[in-house]
Amino acid sequence: MYENTYPNKRYKLTLEFLKKHVSTSETILDLGVKNPLSEIMLSEGYNIENTKGEDLDEDQSAILNSSADVVTAFEIFEHLLSPYEVLKSIQAKKIVISVPLKLWFASAYRSKTDKWDRHYHEFEDWQLDWLLEKTGWKIVDRQKWTNPVKKFGIRPLLRRFTNRYYIVFAERNSD
């Protein structure tokens, strides 16, 4: 998936945000299979378990049966048909989610060869905020960043100034 395009900036900023809100003493359920970012989190001392690749739209048992303190979901919610159901099923009191933001100059991403590598949702920040609010979460912190690419053209120029990623730390509402 990351052939020659390892997202160093995104991983660095995601890890900094995670360190700001989650201690290495807390257990983490990371939604999605093991990946380079979860391996980096392990190397930084986090106690992390990944889901096994099950279709989380259909099967939330790994989430429901988890006793993790925190759930992380890095660039996964855009692939789900029903992130609402996944968010409702989370038992943890804390969540860290990042999503790529909808870009007005680019259509939704869709791999022609991998049915799992498609974006059903292209979020705007307010949409993720509303989804979290409706599923019982209170946003504590949020951050956005750009994703410049080393290419020439109008789109690469726009990517230097347009936020591409949105990350949120939220806690379960107590009411």
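## Helix 1 against helix 2

Helix 1 passes helix 2 in a right-handed crossing. This is a predicted model. The two axes, of helix 1 (residues 8–21) and helix 2 (residues 36–43), come within 11 Å. They cross at roughly 45°. Helix 1 and helix 2 are therefore oblique to each other.

Which residues make the contact? Helix 1 supplies Tyr-11, Thr-14, Leu-15 and Leu-18. Helix 2 supplies Pro-36, Leu-37, Ile-40 and Met-41. By class, seven of the residues in this contact are nonpolar and one is polar. None is charged.

## Chain layout

The chain holds six helices and six strands. From the N terminus, the elements run α-β-α-β-α-β-α-β-α-β-α-β. Of the 175 residues in the chain, 43% are buried.

Contacts in the chain can also be sorted by sequence separation. Take those between residues at least 6 apart in sequence: 66% of them join residues at least 24 apart.

Two of the pairings can be followed residue by residue. Strand 1 (residues 27–30) pairs with strand 2 in the parallel sense, over four bridges. Here Leu-29 stands opposite Glu-49 of strand 2. Strand 3 and strand 4 also run parallel, joined by five bridges. Val-70 has Lys-94, in strand 4, as its bridge partner.

Is strand 4 mostly covered or mostly open? Strand 4 is mostly covered: six of its seven residues are buried.

His-21 lies in helix 1. Is His-21 buried or exposed? His-21 has a relative accessible area of 16%, so it counts as buried. The cut-off for buried is under 20%. Leaving aside residues up to four places away in sequence, His-21 touches Glu-26, Lys-94, Asp-141 and Phe-169. Lys-94 is also the bridge partner of Val-70.

Where is Glu-75 placed? Glu-75 sits in the loop between strand 3 and helix 4 (83–89). Its phi is near 50°, a positive value in a residue other than glycine. Most residues other than glycine have a negative phi.

Glu-75 is also buried. Its relative accessible area is 14%, and the cut-off is under 20%.

Technical notes:
Residues are numbered from 1 along each chain as its sequence is written. This is a predicted model: local features need pLDDT of at least 70, side-chain atom pairs count only at pLDDT 80 or more; totals for chains, interfaces and linings use all residues. Side-chain values use heavy atoms; hydrogens and water are left out. Axes are lines fitted to C-alpha atoms, for helices over the stretch in contact, and angles run from 0 to 180 degrees between N-to-C directions. Helices (H or I, at least four residues) and strands (E, at least two) are DSSP runs, numbered from the N terminus. Angles under 35 degrees count as roughly parallel, over 145 as roughly antiparallel, 65 to 115 as roughly perpendicular and the rest as oblique. A crossing is left-handed if the near helix is turned anticlockwise from the far one by less than a right angle, and right-handed if clockwise. Contact means heavy atoms within 4.5 Å. Ala, Val, Leu, Ile, Met, Phe, Trp, Tyr, Cys and Pro count as nonpolar, Asp, Glu, Lys and Arg as charged, and the others, Gly among them, as polar. Buried means under 20% relative accessible area, exposed over 50%, partly exposed in between (1.4 Å probe, protein chains only). Two strands pair if DSSP finds at least two bridges between them.
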